[in-house]
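Welcome, and thanks for taking a look at this one. Please have the sequence and the 3D view open side by side as you read the briefing below.

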Amino acid sequence: MSRVPSRSRRHARGLTLLETMATAAVLMVGILGVLIVLVAASRQNRRNNNQTQASLIAEQELERIVSLRCKGNDASPCSNIQALDDSVRRVWWSANGDMSEVAPAPGATPQMEYTVAVDVDPPYEGGEQGVPSLTRTEAGISLPAGMIVNVRVTVSWAEPSAPRRAVALQTRMSR
């Protein structure tokens, strides 16, 4: 009778427990690496979304202020805009893209809170006047103080475990 050659005992037993555990450990390290990358990408995506929303809020606020146009008397031609100096308000932005100036009710859909601050120069805080200066001479004519105003809108927000972030937009206005 002819005998079929038998395989060695090692091959007949299959993988050892140690080999299986080593393979599982390598696989788990790979999966953990992918999960870390996904969490970091998700966090960065949320930061970018918050910054984009803040930019939209700042742009809308600046457009609202520009639409008011400079109105006032000859002594203070942009007094209505200068009255907005140091104004601060809070707004909430929902996931569906709606902005509200009313805080969401407890248990409502979570919304991101932003702080909108408006700074109108002059008057100057800290002595900086920008370039070119708001009180400069143009074509031999000295521009009166208050004829041109610098309007800066700053929108800030807080993120978990991160310093407060902000976006600032500015423009100049005159009558």
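Contact here means heavy atoms within 4.5 Å. With that cut-off, and not counting residues up to four places away in sequence, Ser 100 touches Val 91 and Trp 92. Please keep in mind that this is a predicted model.

**Overall layout**

- Along the sequence, the elements of the protein chain come in the pattern α-α-α-β-β-β-β-β-β-β.
- The protein chain has 175 residues, and 23% of them are buried.
- If you take the contacts between residues at least 6 apart in sequence, 61% of them join residues at least 24 apart.

**The sheet and the helix on it**

- Five strands make up an open sheet in the order E2-E1-E3-E6-E7, and their pairing is antiparallel.
- Strand E2 (99-100) and E7 are the edge strands; each has a single partner strand, so one side of each lacks a neighbour in the sheet.
- Helix H2 packs on this sheet and touches E1, E2, E3, E6 and E7, with its direction at about 20° to that of E7.
- E1 and E3 run antiparallel and are joined by eight bridges; within this pair, Trp 92 has Glu 113 in E3 as its bridge partner.
- E3 and E6 also run antiparallel, with seven bridges between them, and here Asp 119 has Arg 152 in E6 as its bridge partner.
- E1 and E2 are antiparallel too, joined by two bridges; Trp 93 is paired with Met 99 in E2.
- Four residues lie between E1 and E2 in the hairpin that they form, and Gly 97 in the turn has a positive phi of about 95°.

**The nonpolar core**

- Which residues of the largest nonpolar core touch the most other members? Of its 23 residues, they are Ile 65, Ile 81, Tyr 114, Val 149, Val 151, Val 153 and Val 155.
- At least two residues of this core come from each of helix H2 (17-68), strand E1 (87-94), strand E3 (111-121), strand E6 (148-157) and strand E7 (165-174).

**The disulfide**

- A search of the whole structure turns up one disulfide; Cys 70 and Cys 78 form it, with 2.1 Å between their sulfur atoms.
- The link of Cys 70 and Cys 78 is right-handed, with 95° about the S-S bond.
- Are these two cysteines buried or exposed? Both Cys 70 and Cys 78 are buried.

- Ser 100 sits in strand E2. Its relative accessible area is 24%, so Ser 100 counts as partly exposed, a class that lies between 20% and 50%.
- The side chain of Ser 100 reaches the backbone nitrogen of Val 102 at 3.0 Å.
- From Ser 100 to Glu 113 the C-alpha distance is 9.6 Å, with the two residues 13 apart in sequence.
- Glu 61 belongs to helix H2. With a relative accessible area of 4%, Glu 61 is buried, because the cut-off for that class is under 20%.
- Apart from neighbours within four places in sequence, Glu 61 is in contact with Arg 89, Val 116, Val 118 and Val 153.
- Ala 166 lies in strand E7. Its relative accessible area is 52%, and since exposed means over 50%, Ala 166 is exposed.
- Leaving aside neighbours within four places in sequence, Ala 166 is in contact with Thr 154, Val 155, Ser 156 and Trp 157.
- Ala 166 and Gln 51 are 115 residues apart along the chain, and 7.9 Å separates their C-alpha atoms.

Note on methods
Residues numbered from 1 in each chain as written. Predicted model: local features only at pLDDT ≥ 70, side-chain atom pairs only at ≥ 80, totals over all residues. Heavy atoms only, no water. Disulfide = S-S within 2.5 Å. Buried < 20%, exposed > 50% of the residue type's maximum accessible area, 1.4 Å probe, protein only. Core = buried A, V, L, I, M, F, W, Y, C linked by side-chain atoms within 4.5 Å. Pairing = 2+ DSSP bridges. Axes fitted to C-alpha atoms, helices over the stretch in contact; angles between N-to-C directions. Polar contact = N/O pair within 3.5 Å; in protein donor to acceptor, adjacent residues only side chain to side chain.
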